[in-house]
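Welcome, and thanks for taking a look at this protein. Please open the sequence and the 3D view side by side before reading on.

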Amino acid sequence: MTSAEARQRFPVLAHCAYLNAGSVGPLSSRTVEAMHAAEVHALDHGRAGASIWEAAAATETRLRQQLAAMIKVPAEKVVLTTSTTEGCNLVVTALHLRPEDEVVTTNAEHPGLMLPLIASGAKVRQARVMERPPGEALKAILDEVTPQTRLVALSHVLWLNGQVLPLAEIKRETGLPLLVDGAQSVGAIPVDAIVADWYTVSGQKWLCGPETTGALFVHDHESLRPQIQSYAASARQDAGRLALVHMGQPMTAGLLAAIEEFPEWGLERAAEMVARCRDAVVAAGFDVRTAPGQATLISFRIPGDPVAIVKGAEAKQVVIRSLPDGWLRASVGWWTDQTDIDQLIEVMLDASR
Ligand SMILES: Cc1ncc(COP(=O)(O)O)c(C=O)c1O
């Protein structure tokens with residue numbers, strides 16, 4: 001499959017520079033067909049019955065295997081979830097943190113991780129990574145570690161600027177339990193989740209799966225004491241016992257179809273295109289806060305109201321987002337091509353005039 005052929009699988013790309021996979025990725029025709037086929041099967045044959053449960057279990061097994069291969073961990077250590085947010089809540093609540101405990105995170109975390117940390121009641125210490133170059137992130141994080149630290153919890157890729165955090169070094173230098181929010185990394189950059197104790201996956205972003213799909217890698221499921229449980233806890237012996245929600249067939253079939261379509265050249269192509277996008281944004285004279293050689297998000301600023309700029313761009317078939325701190329963000333995937341980048345620059349130059 002060439003990149004031109006791959007693009008044709010996503011109908012939205014025929015008329016739109018879709019640059020917001022960091023929120024929700026584009027859907028391919030094949031993914032929607034897989035979801036639809038599951039719905040039609042349910043319509044014709046019902047949604048329960050031995051053969052239906054067997055088929056559902058086979059799809060789940062295959063999906064766990066594919067997700068595990070993607071993040072390089074054993075399949076029996078992967079739990080299907082509805083989101084990164086669910087994965088973060090599951091882990092944080094199962095740790096039973098106390099007010100005298102401390103958690104080290106960064107000052108650039110998404111609420112999907114930050115709110116569960118705050119709700120835990122532990123003291124949350126935020127390393128100031130946003131104000132520093134990527135090479136100083138490790139030191140900023142280590143500076144927050146104290147003898148009271150029970151958990152290090154942070155994103156692999158920061159949603160505000162696309163910066164990649166050095167997970168292996170963080171784990172090696174702290175030796176502490178490490179929860180990683182993988183919402184902006186899985187499907188965007190190479191991931192070796194085995195360096196973490198827990199690593200979340202969002203299915204709807206860079207994997208281009210259905211919304212409300214995801215996964216959680218759990219290194220040692222027996223070390224967690226979950227405070228929320230489901231039928232899976234009595235029916236399974238591996239990490240799958242932590243599953244909270246039985247995912248409907250359209251969701252699992254859709255995510256599986258999306259992952260099976262992921263091209264082997266996808267990560268390389270994404271890296272090439274994001275470098276081109278960053279160069280173009282810099283060349284256009286915009287203020288850029290994403291360092292070179294990071295992940296697949298480019299954060300930049302142009303004069304004007306960011307919310308109005310995003311709305312105006314959408315009317316011209318360019319989809320990006322504004323961030324809570326007023327910066328703009330473009331998401332570049334393996335499906336992005338030069339015409340998308342050219343269109344982004346043209347529309348942003350127009351908006352800044
Ligand atoms: C870094 C980060 N974490 C968590 C989330 C939330 O992901 P989910 O909707 O899968 O919970 C997002 C994006 O929405 C994100 O960018």
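## Two domains

Keep in mind that this is a predicted model. The domain assignment gives domain 1 as residues 3–27 plus 264–352, and domain 2 as residues 41–260. Taken over C-alpha atoms, the centres of domain 1 and domain 2 are 26 Å apart. Domain 1 brings 28 residues to the contact, and domain 2 brings 21 residues.

## Where the domains meet

About 1,800 Å² is buried between domain 1 and domain 2, and carbon and sulfur atoms give 63% of that area. On the domain 1 side, L267, Q294 and L297 supply 27% of the area buried against domain 2, more than any other three residues.

Polar links are present too: eleven residue pairs are in polar contact between domain 1 and domain 2, while the count of salt bridges between them is zero. Elements giving two or more residues to the domain 1 side are α10 (266–283), β10 (297–301) and β13 (328–331). The residues on this side of domain 1 divide into 15 nonpolar, nine polar and four charged.

## A look at R125

You will find R125 in strand β4, residues 123–127. Leaving aside neighbours within four places in sequence, R125 is in contact with E102, V103, V104, T105, D143, E144 and T146. For E144, the backbone oxygen lies 3.0 Å from a polar atom of the R125 side chain. T296 is 171 residues from R125 along the chain, and 27 Å separate the C-alpha atoms of R125 and T296.

Technical notes
Residues are numbered from 1 along each chain as its sequence is written. This is a predicted model: local features need pLDDT of at least 70, side-chain atom pairs count only at pLDDT 80 or more; totals for chains, interfaces and linings use all residues. Side-chain values use heavy atoms; hydrogens and water are left out. Domain bounds come from an automatic or database domain assignment. Contact means heavy atoms within 4.5 Å. Buried area is the accessible area (1.4 Å probe) that two parts lose on being put together, summed over both. A salt bridge is a side-chain nitrogen of Lys or Arg within 4 Å of a carboxyl oxygen of Asp or Glu. A polar contact is a pair of N or O atoms within 3.5 Å; within protein, one must be able to donate a hydrogen and the other to accept it, and residues adjacent in sequence count only if both atoms are side-chain atoms. Helices (H or I, at least four residues) and strands (E, at least two) are DSSP runs, numbered from the N terminus. Ala, Val, Leu, Ile, Met, Phe, Trp, Tyr, Cys and Pro count as nonpolar, Asp, Glu, Lys and Arg as charged, and the others, Gly among them, as polar.
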